[in-house]
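Please consult the sequence and the structure while reading.

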Amino acid sequence: MKLIFIDVHYKGEVKLTKECLDYLKKFKNVGLFTTTQFNYKINQVVEQLEKNGNIVVSSQPERTNAKFQVLGCDMYHGNLKLPKKVDVFLYVGDGRFHPNALLFHEEDSKTFHQVVLFNPTNNKTDVLTEKDVKKVIDRRTANMKKFLTADYIGVVVTTKPGQEHLHYVEKLKKAFPEKKFYPFIADQINISEFSNFKWIQSWINTACPRIGMEDAAEIDESLLNVVEALRLAKR
């Protein structure tokens with residue numbers, strides 16, 4: 001089956017409001033990111049920021065098609081490959097999924113920077129801080145402790161192209177030889193099904209890392225991303 005990829009561009013205006021620009025005046029280096037549908041007009045935002053006295057900092061993270069583009073799964077510190085430090089992040093787009101990725105990216109840095117969210121579809125400005133993801137971070141800390149004391153671990157593997165990482169099962173076995181790992185393979189990951197496997201004491205997610213973040217905070221079972229689990233082996 002042949003596939004055709006078509007870029008979908010936002011047809012409205014992408015221009016920062018005075019309210020947003022005034023708020024950003026107190027910051028020098030602004031880390032600017034957006035999604036693909038707004039990216040083709042991002043140069044207008046760059047010009048506005050430079051006239052506002054800000055220095056624009058950005059990059060082209062891995063697996064993206066252009067500079068300024070961010071993916072929702074680029075959530076680990078260092079993934080953005082920023083050329084210099086920033087004082088604040090500015091996300092141009094709608095929704096919270098992508099700007100929350102910028103917040104999670106800040107977790108391992110010494111300073112937790114704000115993420116200013118400017119939505120071109122309604123010209124509203126919002127400010128996201130560490131408190132917006134605190135519930136998720138606190139729950140992950142608890143899940144790390146549960147994983148370390150667990151003997152029977154379920155490893156969630158998706159068959160979706162680009163997210164299939166069955167090889168992590170062997171890495172986990174080598175990192176934690178005292179534990180028993182059981183792969184659960186499916187196309188669609190439904191974490192509500194975890195409760196059907198009472199003998200599994202902790203779960204490891206190898207698919208989209210956001211499953212092991214926001215989704216993990218909404219269930220009773222312990223769920224941890226594979227990257228975090230492997231980091232524990234090095235401590």
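## Polar contacts of N54

Which backbone oxygen lies 2.7 Å from a polar atom of the side chain of N54? In this predicted model, that oxygen belongs to F27. The side chain of N54 also makes a polar contact with the side chain of N52, at 2.9 Å.

## Setting of N54

N54 is located in a loop, between helix α3 (42-51) and strand β2 (55-57). Its relative accessible area is 4%; because this value is under the 20% cut-off, N54 counts as buried.

Apart from neighbours within four places in sequence, the residues in contact with N54 are L24, K25, F27, K28, V30 and L49.

## E19 in helix α1

E19 belongs to helix α1, which spans residues 18-24. Is E19 buried or exposed? E19 has a relative accessibility of 53%, and is therefore classed as exposed, since the cut-off for that class is over 50%.

## Helix α8 and its cover

Helix α8 comprises residues 226-233, and its buried residues are V226, E228, A229, L230 and L232. Which elements are included in what covers these buried residues? Among them are the helices α5 (134-149), α6 (168-175) and α7 (211-215), together with the strands β8 (202-205) and β9 (223-225).

How values were computed:
Residues numbered from 1 in each chain as written. Predicted model: local features only at pLDDT ≥ 70, side-chain atom pairs only at ≥ 80, totals over all residues. Heavy atoms only, no water. Helix = DSSP H or I, 4+ residues; strand = E, 2+ residues; numbered from the N terminus. Buried < 20%, exposed > 50% of the residue type's maximum accessible area, 1.4 Å probe, protein only. Polar contact = N/O pair within 3.5 Å; in protein donor to acceptor, adjacent residues only side chain to side chain. Contact = heavy atoms within 4.5 Å.
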